Every structure is written in C-alpha cells, then in structure tokens.
Amino acid sequence: MTKKMGCALGALLVSLGLIAVVIISPRAEFTLGGALVNLGYRLQDRFSQFDFEHDETITPDQIWDELKRQNEMAAGVRGLFPRTTRHPVVAILACMDARIDTSELVGDTRRYYYVVRTAGSVLSPAEQEMLELAVLNGVEVILLTTHTDCAAEAAAADPKLREKFPALIGLMDEREQRIDEFKARPIIRDAIAEGKLIIKHARIDTSTDKLVIEKADE
Ligand SMILES: [Zn+2]
C-alpha cells in the first residue's frame, strides 16, 4: 500500500467512524449540529462591520447600509437552505440582553418556540397579551426567564439609574406582581386549570445559556 492510499484509507475510516457515532448517538448528532451552527457563526463573524467593539468610528448611515447588505446575503442563504417550519408549542420571555442567544437555548434551527424579549424580562400588559395570544395559537408551555449579570437588574439597584429610567424600573419593581397578574388572566387561568398550559421559571446563566430551573409552578 502506498502512503497516499494509506492516508485516504485513514480518512475514510475516520469519516465512517464519525458517521457511526452520529447514527448511534442522538446526543452526538445534536452536538454536531450545534458545532456546525457555530461554525457558521464564526464564518460570518468577519462580515459584521457594525459591531461597536470593533470600530467606534463607524457612522449610523454606514451601519444601516451594512445591515441592509447583510440582510440581502442572509435572505439569499435562506433561499438556498430553507428552514424546517414547525408550529411553536413553547413561549419564552427573555431579557433583551444580546449575550443571550435565544436561538441556541434549546438548540438552533428548532424554531419551536415564540420569544418575547424585554429589558429585565419585564411583563407589562402588552407582553401579557402577546403571551396570551401565543397560548391561543397553541402554546402549552410558557417559560419566564431572568438571567445572571442583568443590566436592568443592576439599574433597578442603582439610585441614579432608577431616576433616569422610571418606567422600566417601575416594571422591574413589579415583576413578580405582573407575573401573578398574568396568571390570573382568564385565558391563562382556564388553560392552566384544564391542564393545557404550564408556566415555568428559570434563570439563564448568561455565560453558558444554561437554564437553571427556579421553581415548579402550574
Ligand atoms: Zn438583562
């Protein structure tokens, strides 16, 4: 056997081994999927001109032009690789913090959850109606999250920022009360009573996206 043939045979065996692992283990398949998604992120990272950590001189107009250009490319990719469509049965309330990637919380490309995002995961009447609408559209699990190192929580604890953002801080102070109010809404209350809906609470570890389930509610 030549050296070239030996290398080709080795590569073939490694490939077959990887395929076998993926077939045998759904977990390995899930991990490989996540790795490929992240590989995609890495490949696209260098095209992001509007990351303020990279260039503070960039102007709003340049950022807007870049955003439009990237959307055109992204839509092109979507056209080439259509996504699986699924009807969501889960709705998640999460903070708007950009470090939390809600697409990765339970595996990217799954698309089986609605996401409502607000600073500090506050739940004003408008968000309550959004979640209620989601329940009418078939959602059976609502996950209310908060997260570690939350800027809105820090603002609520800072006297100067409390003065600067009174509306947001007011909702932060009433967070638990608003959740109780939401659970008492007739559509939500009845769905829970009929066993068609459960509401769960979790705190997201911002550095890992890991959900720490806080308490089992309805
Ligand atoms: Zn936050």
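User: Why is Ser121 called buried?

Analyst: Ser121 has 4% relative accessibility. Buried means under 20% relative accessible area, exposed over 50%, and partly exposed in between (1.4 Å probe, protein chains only). At 4%, Ser121 therefore counts as buried. This is a predicted model: local features need pLDDT of at least 70, side-chain atom pairs count only at pLDDT 80 or more, and totals for chains, interfaces and linings use all residues. Residues are numbered from 1 along each chain as its sequence is written, and side-chain values use heavy atoms, with hydrogens and water left out.

User: Where is Asp149, and is Asp149 buried or exposed?

Analyst: Asp149 lies in the loop between strand 3 and helix 5 (151-156). Its relative accessible area is 56%, so Asp149 is exposed. Asp149 also has a positive phi, about 55°, although it is not a glycine.

User: What makes up the largest nonpolar core?

Analyst: That core has 17 residues. A nonpolar core is a set of buried Ala, Val, Leu, Ile, Met, Phe, Trp, Tyr and Cys residues joined through side-chain atoms within 4.5 Å. Leu131, Ile142, Leu197 and Ile199 have the most contacts inside it. The elements giving two or more residues to this core are strand 1 (90-95), helix 4 (125-136), strand 3 (141-147), helix 8 (175-183) and helix 9 (186-193).

User: Which residues does Leu131 touch?

Analyst: Leaving out residues up to four places away in sequence, Leu131 touches Ala91, Val116, Leu123, Ile142, Leu144 and Phe182. Contact means heavy atoms within 4.5 Å.

User: How does the radius of gyration of the protein chain compare with that of a compact globule?

Analyst: The protein chain has 22 Å, whereas a compact globule of 218 residues would have a value near 17 Å. The radius is taken over C-alpha atoms, and the globule rule is 2.2 Å times the number of residues to the power 0.38. The C-alpha atoms fill a box of roughly 75 × 55 × 30 Å along the principal axes. Buried residues make up 28% of the 218 residues.

User: How many helices and strands does the protein chain have?

Analyst: There are nine helices and five strands. Along the sequence, the pattern is α-α-α-β-β-α-β-α-α-α-α-α-β-β.

Technical notes. Helix = DSSP H or I, 4+ residues; strand = E, 2+ residues; numbered from the N terminus.
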